[in-house]
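I opened this notebook to record what I looked up in a two-chain model.

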Amino acid sequence: MDQRIVDFIHALRAKGVRISVAESIDAMRCVEIAGVADKQFFRSALRASLVKEPRDLPTFDELFPRFFGLDTPPPLQQPGSGMSPEEREKLAQMLQQMLASLSPEQLRRLFEMMMTGQGMSGSQMRQFINEHTTATQMTTGFQPWATRRAMRELQFDRLEQLLQELLQKLREAGVSEAALQQLEREARENREALAQQIGREVGNGLQQREAEERRRRPVEDLQDRPFEELKYQDDDDMRAVINRLAAQLRTRVALRQKRANKGMLDAKSTIRANLRYSGVPLDVRHHRKHLKPRITVICDVSGSMRAVTGFMLMLVYALQDQISRTRPFVYYRTIADVQADFQRLRPEEAIRVVPERVQGGPWQTSLGSCLETFTRDHLDAVDRRTTVIFLGDGDDHMSPPNPRAFEIIKRRAHRVVWFNPEPPYRWGREDNHMHIYGPMCDAVHHVSNLRQLVAAVDGLFS
Amino acid sequence: MFNTIGDVKTALSAQRYIPSDEIATTVFLAEKLGKPILAEGPAGVGKTELAKVWAAATGRELIRLQCYEGLDETKALYEWEYAKQLLYTQLLRDKLNDLLAGVTSLAEAADRLAAEEDVFFSSRFMLPRPLLKAITSERPVTLLIDEIDRADAEFEAFLLEVLSDFQVSVPELGTIRARHQPMVLLTSNNTRELSEALKRRCLYLHVDYPTAEQELQIINLKVPGLPPKLAQQAVELVQRLRGMDLKKHPSVSETIDWARALLELNVRHLDRATIENTLNVLLKFEGDLQRARRAMVRDEGTRRDEFGRLRRDDESGRFRGN
């Protein structure tokens, strides 16, 4: 049973559930205490100790029956139960003969298992499959296909033919027809069980390999890769990276905040607080800096910008506890307030749907008129404590630059910052108006990879 | 205390709380392993209530620490009682004079005072906050750390230390170890991601909205006077609202409030007018209210049997035809 639980934990990890060694030890202890007699309790015990994220619950629910459900393949049985001792003798003899001359090796092993009922354990079978087939080189999404491939490479369909051969020989040797029929039925049942076991172990093998791959893949590198290459990355991986970066940022900000606490002496508050100590300043109060920024993000969602916009929004929403208010806007040919989407959906999902909120197609970015609309309809999103972040390449294919509207936003805002993923030498060329907006901003950051993005976001908190 | 998971169920049920298998198992494991439980889920599904009934069922005292933004150690753990220290110094002035009598240099006076420092930094002048209270309590306690997601990340890190060893170190006094290991329940509404380290130390319990059957049980238990048929209809409606795309779904506590309201209004039958008038007990956003009303009008045609039983026969006949 312990082995089964360990396998289960491996499979969960392979699916991206993060389980530490401490947690797997907990799981063992929990199972010990809860017992395995009642399946519902057993399941709850595993769930309470292994799964710590609501989003991992479906994975758990999906894998649990596969490992502890009723669909474990039936054990193999020894064929030939209905035969007399002499007949069984004959069967053993014939089988020996056939096996001796049978090739290839893997087919011989399969046939032997089928006819003697002596199967393999799960891990033996997985090794057997790994040695003789290429099925586990595929990815988990293709499990049925991989299983078929394993069957083909093991020449599984030849088992039927071999069975018929053996039956024919036994018939010639004078074994009774009833006994033969039973033998055939039992052998077929064994074959079904084997097929099920192979299917399952192919699945386990795939998951195991995926888990190893995941471990091997260097996450660090992702930080330095340009955004365009990142958008094909696995969602889970990206989320992990973003969460880690957010945690880093958070500690950095927290540390700074702690130090910033020792700001200027707040005389009024100190006197008030120390009245109860007869005016002896025991409790010294300091001015606190306002360190939780209000952020209004205005993001370009044209095709080239979508990846970086996604990361930016994910990062901002991973840092929600450090920000007092976030107002996201997206623009293309038109501009739209997408706060509602982020309130309704999880950030990853919201990012996927927000580009539909605005109109636009290739070469239709219209920053100038979007700024105009923004100053007309959405100026309430900007006040003197708001940091406005523009995230875009500064391209404008449809309208002239609009420094007047930009000036209006700037005058209302605490700070205006521009994050631009385009390299600086392109700023101001052709349709790009960065040379007009750039000098008007309080800061312009070139962000072409995650590291630069994190550094730029970090700048918002100081 | 509990020998089987069944015991937990019985004990919690005796406190008028209906635990799912999940909850009972987790509480049982927490008792046996001495690990904290981290309960997550939407607001109003009975996470805080669980701590209360857990404490009551085991006869422990409940100590509650409500988390909020900016909560720090002095509010959660302990604080020196400056005022009392000051008062004592004033009152003991004569004594201090005696102590310092015959001192020639300032350095000597400071040395003598320092020797008496222990008097002022003793547990006498310490103001214990919930965490310290739970640790130093003479009797076993249940500690509820409510809405941990509202506290800052630094506080979470600090909490880790307490939760893993159940001891705290006070620089002036040394390490204080727990006499009885408190049973800890942390709740979170999932407004932010908690740190992995914290999650690793806890048993995780995801409390979701109950199934219709469980919710009906809860209503019957909490609002005993409600006619069974009405309770059934009320639960069905709430469950249906939860299936809709709303800003905030009605929670169990709101269902209970609603059921109580229905009882107070002496409603016999759940018709449309009643629902319209009392829906604001269930839904707290204007947008949600409007959406629910629209859905109800839409349903009027198709699900008449639920609200008015006028044309039930031909209605069901039509459905069978489809």
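The entries below go from conventions to the interface, then to single elements and residues.

**Conventions.** I worked on a predicted model, in which local features need pLDDT of at least 70 and side-chain atom pairs count only at pLDDT 80 or more, while totals for chains, interfaces and linings use all residues. Residues are numbered from 1 along each chain as its sequence is written, and chains are lettered from A and ligands numbered from 1 in the order in which they are written.

**Interface.** I looked up how the chains meet and found 26 residues of chain A in contact with 23 residues of chain B. Two residues are taken to be in contact if their C-beta atoms, placed from the backbone, lie within 7 Å. On the chain A side, helix H2 (21–34), helix H3 (39–50) and helix H12 (235–260) each supply at least two residues. Helices (H or I, at least four residues) and strands (E, at least two) are DSSP runs, numbered from the N terminus. I sorted this side of chain A by class and noted 13 nonpolar, 6 polar and 7 charged residues. In this scheme Ala, Val, Leu, Ile, Met, Phe, Trp, Tyr, Cys and Pro are nonpolar, Asp, Glu, Lys and Arg are charged, and the others, Gly among them, are polar.

**Strand E5 of chain A.** I turned to E5(A), residues 415–420, and found 5 of its 6 residues buried. A residue is buried if 20 or more other C-beta atoms lie within 10 Å of its own, exposed if 12 or fewer, and partly exposed in between, with C-beta atoms placed from the backbone. E5(A) pairs in the parallel sense with strand E4 (residues 386–391) of chain A over 5 bridges; pairing requires that DSSP find at least two bridges between the strands. Within this pair, I noted Phe390(A) opposite Trp418(A). E5(A) also runs parallel to strand E6 (residues 443–446) of chain A, joined to it by 4 bridges, and there Val417(A) has Ala443(A) as its bridge partner. I then followed the chain from E4(A) through helix H18 (residues 403–412) to E5(A) and recorded a right-handed β-α-β unit. Right-handed here means that, with the strands pointing away from the viewer, the path from the first strand over the helix to the second runs clockwise.

**Met113 of chain A.** I located Met113(A) in helix H6 (residues 105–116) of chain A. Is Met113(A) buried or exposed? Met113(A) counts as buried because it has 21 C-beta neighbours inside 10 Å. Leaving out residues up to four places away in sequence, I listed its contacts as Leu76(A), Gln118(A), Gly119(A) and Leu194(A). Leu194(A) is 81 residues away from Met113(A) in sequence, yet their C-alpha atoms are 8.5 Å apart.

**Chain B overall.** I counted 18 helices and 9 strands in chain B. Of its 322 residues, 30% are buried.

**Sheet of chain B.** I traced an open sheet of 5 strands with parallel pairing, in the order E2-E5-E8-E1-E9. Strand E2 (61–66) and strand E9 (203–206) are the edge strands, each pairing on one side only. Strand E1 (residues 37–40) of chain B pairs in parallel with strand E8 (residues 183–188) of chain B over 4 bridges, and Ala39(B) stands opposite Thr187(B) in E8(B). I also found H2(B) packed on the sheet, where it touches E1, E8 and E9 of chain B and its direction makes about 160° with that of E9(B). Axes are lines fitted to C-alpha atoms, for helices over the stretch in contact, and angles run from 0 to 180 degrees between N-to-C directions.

**Two positive phi values in chain B.** Arg16(B) has a positive phi near 60° and sits in the loop between helix H1 (5–14) and helix H2 (21–33) of chain B. Phe166(B) has a positive phi of about 55° and lies in the loop between helix H10 (153–165) and strand E6 (167–170) of chain B. Arg16(B) is exposed, with 12 other C-beta atoms within 10 Å, whereas Phe166(B) is buried, with 20 such neighbours.
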